[in-house]
Amino acid sequence: MSMLEEIPVSNNGVPEPEIAQASKPVSRMRLVLSRLRSTPRFWVGVIGLGAVILWAAFGLIPNQWNYTDLDVYSMGSSPNSVHWFGTSDIGEDIYAQTIVGLRKSLVIGLLVGPIAAIIAGIVGAVAGYLGGWWDRTIIWFIDLLLVLPSLFLFILLSPIFKSLSWVALIFLLAGFGWMIMARVIRAQTMSLRERDFIKAARFMGVDTWTIIRRHVLPNVSSLLIIDATLGVGGAILSETTLSFFGFGIQAPDVSLGTLLASGQGAAVTRPWLFIFPAAILVFTVLSASLVGDALRDAVDPTSGVNRD
Amino acid sequence: MIGFIVKRFINYAILSAIATLSAYVLASMILNPAGRYLGRNPRPSDATINTILDGLGVNPNTPVIERLWNWAVNLVTQGSLGETIHNTSVISEMAARAGTSLRLLILGTIIAAVFGVILGVWGAVRQYKFSDQAISYGSFAILATPSFVLGILLMIAATALNGFLGVQLISFTGEYTAGLDGGLWVHFWDRAAHLLLPTISLALMGAAGYSRYQRSAMLDVLSADYIRTARSKGRTRGSALVRHGVRVALIPMSTYFAYSFATVLAGAAVTELVFSWHGMGEFLFQAIQQSDINAFTGAVLFNAILVLIAGTLSDVVYAALDPRVRV
């Protein structure tokens, strides 16, 4: 009898809840997007980043000063209606300089993040898929770069890159920004390699490079997108740190790092030289990393941060 | 357990050795120590320059492999790291500076680890409450701030505080006040006051990173069955969380600590430079600016040894926390 009692009694009269519709599988893409839409952090980040990009693109239009102009009648003035962020001690308009510096830093960040992610994807997939000596060599190389702080290598290599244009800095930063992600991709690839669809492709005689391109990389693409987003902030931080100490962007070019370096000496007495560029920098990196973090939670709910 | 730690130690030791040797090769290929003499007026003759460079063991005309071999043999047989470009021994230069850096590094790392773990656990336990949100956004903001900006912002704040109080409460330039009179205690307090801001700067950066990681590790643990089992045995919530939760959540943290230590080293070097401390960070930067191959390699070796120690320590913690390693 007790067995019978446990069978749920259908309640007559009350309409059945529409469970049948929910059984239709939701595509992964839509699931991720709906998770993203309900994350406030994602919106804060996207709106912040969008605002920064728009401001960098159009912010100079309402300003009457260009970044090379010197206003000899107001040198070292505090923020006012003519110079919104004040001027430096030789009359440079800090607002114009901040925007031009922000443009450079943004371009570097937005290029380095994706390039580093692509390198991480290819290196990690090759190491994980081929295994053996390839794998061991690549892992050793990655571990080596994790022992040796990449900042020190950047500084060591800077004499070479100083003589080239600032574009070379993008490749330098991307060339050292992929290591941690490559390890993650490698671990993911090693489990993918044993899956049936990859085995089937291999037994059909598809060559290694095509398998990596057609089957492995699309399956780790969500990780790569997250890495590219998080890499944007990291690249801007590296670039500004290098430029701050004179190893990155060089004299005629302006970036947020060089701007902060020139404002550093007066940071205590004339804080506007330092505070405004620093605030823009922190805001940009913060927005990019909020987007990246929200993406990670949406793609991988088991990462713990998104669990209720 | 001993076997595990010895194995890991050897792994780290080989890594450190290879890192140092490749740093030597890389520096030899990129830096040009002869440039320092070529710019002089009157310009020394080539023979003189060659003699000086040979004496330092950095002559570019000698093959890199041979120089590397001589450098390694000197290190093993005489325990010498060669001479700097100013003809002083690299070891003695480093000995004078290492204490400064280590004081900052050890204090900063310990404070960062303790606060990072506490804040991470707190945020996980109070998930989505106000305190968790505040900690999360705070650590995101700190992680988005370059260490030099953080250091200078702290200086601006300290200046404002000093001006508000009317006394020089926090001093932040250099490691100690030059020409200070007084006994041991006066000097001790002076150094402590100078240590305050750099340590806060370094600890904030570290704690922000650790707290994010600790929070997600702790969230993974919180929903585990053994926490519920411990509660059902009659443990209080706090006791179950600490004895069974935090202990397990610290295991992935120990690995993360080893991997993030190189970043901490770079951050400490930048912090030292911002606060004009004469430590290993400054030593390394100057070595590159002056094309000093021996000094650069010495600084890299110092960092590699620190990574070696930190990595081994984190493996000891790992083995102590995770009983599976010990069997």
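The following dialogue discusses how to read several features of a predicted model.

Biologist: Let us begin with the overall build of chain B. How many helices and strands does the secondary structure of chain B come to?

Modeller: This is a predicted model, and in it chain B has 13 helices and zero strands. Read from the N terminus on, the elements run α-α-α-α-α-α-α-α-α-α-α-α-α. Along the principal axes, the C-alpha atoms of chain B fill a box of roughly 85 × 60 × 40 Å.

Biologist: What share of the 327 residues in chain B is buried?

Modeller: Buried residues make up 48% of the 327. As for contacts in chain B with a separation of 6 or more, 72% of them are accounted for by residues 24 or more positions apart.

Biologist: Where does UniProt place the feature "transmembrane region" in chain B?

Modeller: According to the unreviewed UniProt entry, that feature covers residues 12–31, 104–125, 137–161, 192–210, 256–275 and 295–321 of chain B. Two of these spans may be set beside the model. Residues 137–161 of chain B are 88% helix and 0% strand, with end C-alpha atoms 25 Å apart. Residues 192–210 of chain B are 100% helix and 0% strand, and their end C-alpha atoms also lie 25 Å apart.

Biologist: Which residues of chain B carry the feature "domain: ABC transmembrane type-1"?

Modeller: The unreviewed UniProt entry assigns that feature to residues 98–318 of chain B. In the model, this stretch is 82% helix and 0% strand, and its end C-alpha atoms are 28 Å apart.

Biologist: Which residues make the contact between H7(A) and H8(A)?

Modeller: H7(A) contributes A:Phe154, A:Leu157 and A:Phe161, while H8(A) contributes A:Ala168, A:Leu169, A:Leu172 and A:Leu173. By class, the contact has seven nonpolar, no polar and no charged residues.

Biologist: How exposed is A:Ile53?

Modeller: Its relative accessible area is 36%.

Biologist: Finally, which backbone angle deserves attention at B:Tyr128?

Modeller: Most residues other than glycine have a negative phi. B:Tyr128 has a positive phi of about 65 degrees although it is not a glycine. This residue lies in the loop between helix H5 (90–125) and helix H6 (130–143) of chain B, and it is partly exposed at 35% relative accessible area.

Biologist: Where is B:Ser276 placed in chain B?

Modeller: B:Ser276 is in the loop between helix H10 (237–274) and helix H11 (280–289) of chain B. B:Ser276, not a glycine, has a positive phi of about 40 degrees. With 34% relative accessibility, B:Ser276 counts as partly exposed.

Conventions: Residues numbered from 1 in each chain as written. Chains lettered and ligands numbered in written order. Predicted model: local features only at pLDDT ≥ 70, side-chain atom pairs only at ≥ 80, totals over all residues. Heavy atoms only, no water. Contact = heavy atoms within 4.5 Å. Helix = DSSP H or I, 4+ residues; strand = E, 2+ residues; numbered from the N terminus. Nonpolar A, V, L, I, M, F, W, Y, C, P; charged D, E, K, R; others polar. Buried < 20%, exposed > 50% of the residue type's maximum accessible area, 1.4 Å probe, protein only. UniProt positions renumbered as here; feature names shortened; annotations may be inferred.
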